[in-house]
Amino acid sequence: MSKLQELKDAALSARKTRHTERATLLVTIIGEAAMIGKSAGNRESTDAEVLGVLKKFEKNINENIQIFKDRLMLDETVLALCELLIVQEFLPAKLTGEQVLQDIKFIVESNGLSYDQRNLGIVTSLLKAQYGDQFDGKQVSTLFKGMICVV
């Protein structure tokens, strides 16, 4: 099942169970995601395009949460956190810091690399090939640079 169809099914279910806030958010995401494919030859959007829209929504919601926290807007913060949870349901699970650390060690050891700044790109590209978008490049960089100092 495509990611877009998964969103459509979830929106329909939310409407049937009268979860209006959830349904409204999902319909908004569906509209934006579907528009990408329609604009590019009247086709269905790919999973990668839908994931891009979901990531954009996640980023914007996180920015809103920070603004609401800074302004002590508790009700808006709670609503934004709920929206964030809904969006994250449809995103691939991110790797934990411990998983990334173990994978970095494995890649370095199994490829005969050293903990050197020059090898960061190699490690990152191998992680990207293995996990796609499930890892955070900034996290990999921070962990790898920390390992350079320790080793």
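**Entry 1. Helices H3 and H4**

I looked up the packing of helix H3 (residues 47–70) on helix H4 (residues 74–89) and found an angle of about 160°, with the axes 9 Å apart. Axes here are lines fitted to C-alpha atoms over the stretch in contact, and angles run from 0 to 180 degrees between N-to-C directions. Helices are DSSP runs (H or I, at least four residues), numbered from the N terminus. That angle makes H3 roughly antiparallel to H4, a term for angles over 145 degrees. This is a predicted model, in which local features need pLDDT of at least 70 and side-chain atom pairs count only at pLDDT 80 or more, while totals for chains, interfaces and linings use all residues. Residues are numbered from 1 along each chain as its sequence is written, and side-chain values use heavy atoms, with hydrogens and water left out.

I then listed the contact (heavy atoms within 4.5 Å). Leu-54, Phe-57, Ile-61 and Ile-65 are among the H3 residues that meet H4, whose own contributors include Ala-80, Leu-81, Leu-84 and Val-87. By class, I noted 9 nonpolar, 3 polar and 4 charged residues in the contact of H3 with H4. Ala, Val, Leu, Ile, Met, Phe, Trp, Tyr, Cys and Pro count as nonpolar, Asp, Glu, Lys and Arg as charged, and the others, Gly among them, as polar.

**Entry 2. Helices H1 and H2**

I found H1 and H2 packed at an angle of about 155°, with their axes 8 Å apart. The two are therefore roughly antiparallel to each other. The contact includes Leu-4, Leu-7 and Ala-11 of H1, and Leu-26, Ile-29 and Ala-33 of H2. The residues of the contact of H1 with H2 divide into 12 nonpolar, no polar and 3 charged.

**Entry 3. Nonpolar cores**

Which residues touch the most other members of the largest nonpolar core? Of its 24 residues, they are Leu-7, Leu-26, Ile-29, Leu-54, Val-87 and Phe-90. A nonpolar core is a set of buried Ala, Val, Leu, Ile, Met, Phe, Trp, Tyr and Cys residues joined through side-chain atoms within 4.5 Å. H3 gives the most to this core, with 8 residues. Leaving aside neighbours within four places in sequence, I found Phe-90 in contact with residues including Leu-7, Leu-26 and Leu-54.

**Entry 4. Positive phi**

Asn-42 has a positive phi of about 55° although it is not a glycine, and lies in the loop between H2 and H3. Asn-42 is exposed, with a relative accessible area of 65%. Buried means under 20% relative accessible area, exposed over 50% and partly exposed in between (1.4 Å probe, protein chains only).

Note on methods:
Angles under 35 degrees count as roughly parallel, over 145 as roughly antiparallel, 65 to 115 as roughly perpendicular and the rest as oblique.
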